[in-house]
Amino acid sequence: MTRLIGAAALVAATALVAGAADARDRGGDRAGWHHGAHGAGSARGGFGRLDVDGDGEVSLEEFENPAAARFAAMDADGDGAVTAEEMVAYAEAQETRRREARAQRMLARLDADDSGSISLDEMENRPNRGALFERLDSDDSGGLTREEMRAARELLRERARGGDD
């Protein structure tokens, strides 16, 4: 029972730290770093924000002090100060990692013959978009409203989290 409580506490603490990193990144942290309207790596969620160097693991330093880890990752020359050029280089490297990961996910999803590339046939062999459109058009108006598109995004997010239809 003690182990179960300890494990639950660790999971809760991890979620709180990730949530705090998410919230801080959305509006800028106390040091004044601002990462845009959705934060750096917002698509990646809490883990991605804590994994500052993008190596697929959150180190103790990244976990305990994400702002210091992010600063260290930006300070390319290690002089203890971050220039605009270093900020741009860091942001570009982060965006490149996100794009590469997205391309790999797309390739894995569409590469039906596991060739390592996608053919036109594989690109065209996607689910029937007309049927999907009809399903999303909940009021049968023949068009998708902003609300219907939001509902579709929420449904997809819920499914990605393992929720029910």
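From the N terminus on, the elements of the chain run α-α-α-α-α-α-α-α. The model is a predicted one, and its chain holds eight helices and zero strands. Of the 165 residues of the chain, 19% count as buried. Among the contacts in the chain with a separation of 6 or more, 27% are accounted for by residues 24 or more positions apart.

Helix α4 covers residues 66-74 and helix α5 covers residues 84-110. Two packed helices are described by the angle between their axes and the distance between the axes. The axes of α4 and α5 come within 9 Å and cross at roughly 105°. This angle falls in the range of 65 to 115 degrees, and α4 and α5 are therefore roughly perpendicular to each other. On the α4 side the contact is made by R70, A73 and M74, and on the α5 side by E86, M87 and Y90. By class, four nonpolar and two charged residues take part in the contact of α4 with α5, with no polar residue. M74, one of the α4 residues in this contact, can also be placed relative to A84, which is found in helix α5. The two residues, A84 and M74, are ten residues apart in sequence, and their C-alpha atoms are 9.8 Å apart in space. A84 has a relative accessible area of 53%; the cut-off for exposed is over 50%, so A84 is classed as exposed.

Side chains of opposite charge can pair when their charged atoms come close. A search of the whole structure finds five salt bridges. E95, R98, R99 and R102 are linked in a network of salt bridges. Within this group, R102 forms a salt bridge with E95, and the closest N and O atoms of that pair are 3.9 Å apart. The cut-off for a salt bridge is 4 Å, and the 3.9 Å between R102 and E95 lies within it. R102 is partly exposed, with a relative accessible area of 46%. E95 is also partly exposed, at a relative accessible area of 25%.

A further salt bridge joins the side chains of E154 and R157, with an N to O distance of 2.5 Å. Both residues lie in helix α8, which covers residues 146-160. E154 and R157 are three residues apart, about one turn of the helix. An α-helix has 3.6 residues a turn, so residues three or four places apart point the same way. Both members of the pair are partly exposed, E154 with a relative accessible area of 42% and R157 with 40%. Helix α8 itself has 15 residues and reaches 21 Å from its first C-alpha to its last, close to the 21 Å expected at 1.5 Å a residue.

R161 forms a salt bridge with E158, the closest N and O atoms being 3.5 Å apart. The two partners fall into separate accessibility classes: R161 counts as exposed, at 58% relative accessibility, whereas E158 counts as partly exposed, at 34%. Just after α8, G162 takes a positive phi of about 90°.

D114 has a positive phi of about 55° although it is not a glycine. This residue, D114, lies in the loop between α5 and α6, the latter covering residues 120-124. D114 counts as exposed, at 69% relative accessibility. A positive phi of about 55° is likewise found at D140, again not a glycine. D140 is found in the loop between α7, residues 129-136, and α8. At 66% relative accessibility, D140 counts as exposed.

The loop between α6 and α7 contains R126. R126 counts as partly exposed, at 42% relative accessibility. Along the chain R126 and L110 are 16 residues apart, and their C-alpha atoms are separated by 8.1 Å.

Note on methods:
Residues are numbered from 1 along each chain as its sequence is written. This is a predicted model: local features need pLDDT of at least 70, side-chain atom pairs count only at pLDDT 80 or more; totals for chains, interfaces and linings use all residues. Side-chain values use heavy atoms; hydrogens and water are left out. Axes are lines fitted to C-alpha atoms, for helices over the stretch in contact, and angles run from 0 to 180 degrees between N-to-C directions. Helices (H or I, at least four residues) and strands (E, at least two) are DSSP runs, numbered from the N terminus. Angles under 35 degrees count as roughly parallel, over 145 as roughly antiparallel, 65 to 115 as roughly perpendicular and the rest as oblique. Contact means heavy atoms within 4.5 Å. Ala, Val, Leu, Ile, Met, Phe, Trp, Tyr, Cys and Pro count as nonpolar, Asp, Glu, Lys and Arg as charged, and the others, Gly among them, as polar. Buried means under 20% relative accessible area, exposed over 50%, partly exposed in between (1.4 Å probe, protein chains only). The expected span of a helix is 1.5 Å times one less than its number of residues.
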